[in-house]
Structures are given as C-alpha cells and as structure tokens.
Amino acid sequence: MRTSIRSITCALLGALLAGAGLAAHAASKSADARVLVYWDQNEEEDVLVAGQVKQLVPPYDPNGQMCIFPDHSGRFVTGYNPTLPSQDNPGSLKPLMNPPVGEAVWDRHGSFTGQTIYVPGPYALPGSTIGGDIPPDSAAGGFENGAYNNNGTFTGCAFDHEGHLFAADIGTAQGQIPVPDDGRIIEWFPPDYTQYCIIYGPDVGGVGPHHVDGSGGLRDPGTLAVRHGDLYVPETGAGRVLRFRHRSFPRRAADCGPDGLLAPKAQFDVLLHGTPAFPIGIAWDPRAHAWAVSNVIGDPAVAWFNDDGTPHPAKGPVPAGPYNPFGIAVAPSGDLYFVDIHVVCDASGCGPADNGGGVFEVAFHHGVPLAPQRIAGGLNFPTSVTVCRGRDCPTPP
C-alpha cells in the first residue's frame, strides 16, 4: 500500500526474520472517553472519539507520526510522501503537495492548509518553482512521474514547549540490509517554520550540500518524543535509543552552520542499546514516570525504562503476542496505545499483511498489563498513534 514506509519494514523484517479505501473498523470505548486517539493508515488519519472511529483526514498521503502544534490552534503535522496512481493508493488521486517530501500542515478539522514544512532545495515537481533537497527516485521514473518516496521519508516528529518542530527523515532506509546510515534529524523554527537546521545527519558523500543519501547519519530513526527539551530518538537499525540534549540545539536559524547544517552535530547519549532489540516507538508515561518503548520484533512487545536507561520495575512489560508494535502513545491515565503493523511470512518473504493492522489499548492493574484490546482493525500498515485530551484537540468537522 504505502510504498515508502511499508517497503522499509517489508524488506527489513523479511531479512531479519528469515536469517484500498476506508478500512473496516471494530471499535470499543476507550477507558477515558475524553481522550482522543489518532492513527494513520492507508494514506489517511483516523480518530477514536467517544468509542466511535471517524476519519480526520480523508486519503491524502498522511504518512508518519502525527504531532499537534502547542499553540492551542488544533493544527497538526504528519509526514508527507506522495504516492502515484500506479501504487493503487487512494491518496494518489489528490494533487501533489509542494514540495513533494516534508511535514504537511493540517487544520484542526483535518483539511490541508496548503503549507508543507520542508528543507529547500533544487528538486521541484514539473511546473513548480518550489523544491526540496531530497532527490527523486530515479529507479521509479524520476520526478517527472512524481516519484519521490524512496529517497526520503519522514517517519517521526515532535514539538518542544517553545514550538520548535523536530522530524526524522530515514533517508534511503527502505529495506536495505545492512541498514544505511543516511537518516537525519531536522529542526524547524517557529512561528512560520520556513527556517531550518539539520542537527544530525550524513556528513560525507551524498547529494548536494546536505549530503542527502550520504553517510555518517542515523540508521532508520523511528518515531520521536520530547521531554524537558531533550529529544528521544529510537534508532531501529542500530538497536538503540538516543537522547539528544537540548543544550546542543540551535534556538534560531542564525545559530546553525553554513548551508543549514549544525556543526558540530547535536550531542546525544545512548539511553538504551540492545534491549529491546528493535526499538521503533517511544512515549513518556506520566503515571509511571518512565519511558515506554516498543519493540517491532521479538519479546517484549513494549517495555518501560527509567530516565537513566534502567528497567522500570513497577510497570509492564507487555509480552510479545500476535502483533508487531510500531508507534506508541500513553494517555494521562497511564493506558498504553500501540499500532500493530502485523507482519506475516510466506514463500516470498515477510511483510505487513494487507488489512491486517490494528490499534490496541492496554490497561494496567497495579502496573501489570491486562490483555491488549483491539480498538480498531482492518488497517493497512499504520505507523503511529497519538493521544490528546482537551479543547485544543483536532476533531473532524
């Protein structure tokens, strides 16, 4: 279905494990009906409101983590990667946004605002003067066919309390083994988000002054989280979780280096390494005062860790089950939500099952997880889940 992020996991999981319109939903009422739960799937963004699944963004290529602006406007961003009619995606029938890879901005009712947050560059769609710095996928016919979704994909995003936007671009990590180290972290500055700084990424080779598709960056970064100004990044391809210290971030574009590259790169320490083996999602648990981290392959499915990286003894873990957790979120009540990409294997390899994904809710009794309850099913490769509570939450019109 979604070629860009789907191909990452299809090929990557296949190697590791081996050595369609609105989907049908089955919804149950959330433990806290005031919490709205959002997820992306098959080029759309859906939301659970008081036990009812509704479509927030009709198919128009939302592709990656949803992050809500902290300015009380109800606006939000999602990763945007265009798809083509030949890919049989419903979003491919909509006009291509400019530039073709970035963070699309939606209003509080799920309508595209016309703004895409991006890194400027020479690669514009035919007939457009607005270009990004990610070159098109020449193997798929070049940019004359709109094929931009194999050389850059924005999977994760996060706002800090000052409104700075961070996003993770996985680069060419579309299933290659070994995983390439051309992923990057980009920061955009409020209020208009037209100025940027690449705070961590490739610094050798590649294309253009930003070394796009070069080397020296991250290996397949996942979804993101911010706490106390620090940025937390699961680096799935390296089996670790990184913590970037806010003191090393620029506070304005003038603090960035030449060509929009931070030099030296933002500093990080390794919060987790090796456990879980394939971390891909991270969320702060306000009840446990600990980090919940999803493991897309293996046991446990989700585990909790203190801020020093030690296992948290009072909550979890969620054991492995018939699901493959990708993005995760934790409600104020401490309930956990995760999306399942649902990997299946056959003679041709392993990959996400069509219409096999779902969204699960996990409640706890004295820190012990109860059986995950599916609140939505029949999904095509959901990658992220977001929770929101309050009057500023995005809602369908």
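Tutor: By relative accessible area, a residue is buried under 20%, exposed over 50% and partly exposed in between (1.4 Å probe, protein chains only). This is a predicted model, in which local features need pLDDT of at least 70 and side-chain atom pairs count only at pLDDT 80 or more, while totals for chains, interfaces and linings use all residues. Residues are numbered from 1 along each chain as its sequence is written, and side-chain values use heavy atoms, with hydrogens and water left out.

Side chains of opposite charge can pair when their charged atoms come close. A salt bridge here is a side-chain nitrogen of Lys or Arg within 4 Å of a carboxyl oxygen of Asp or Glu, and the structure holds 13 of them. One of these joins Asp71 to Arg75, with the closest N and O atoms 2.8 Å apart. Arg75 is partly exposed at 23% relative accessibility, and Asp71 is partly exposed at 38%.

Another salt bridge links Arg240 and Glu235 at 2.6 Å, N to O. Glu235 is buried, at 2% relative accessibility.

Arg245 and Asp269 also form a salt bridge, at 3.0 Å from N to O. Arg245 lies in the loop between β16 (240-244) and β17 (268-273) and Asp269 in strand β17, so this pair ties together parts 24 residues apart in sequence; strands (E, at least two residues) are DSSP runs, numbered from the N terminus. Arg245 is partly exposed at 24%, as is Asp269 at 22%. Both residues belong to a network of salt bridges that links Asp230, Arg243, Arg245, Asp269 and Asp307.

Conventions. Helices (H or I, at least four residues) and strands (E, at least two) are DSSP runs, numbered from the N terminus.
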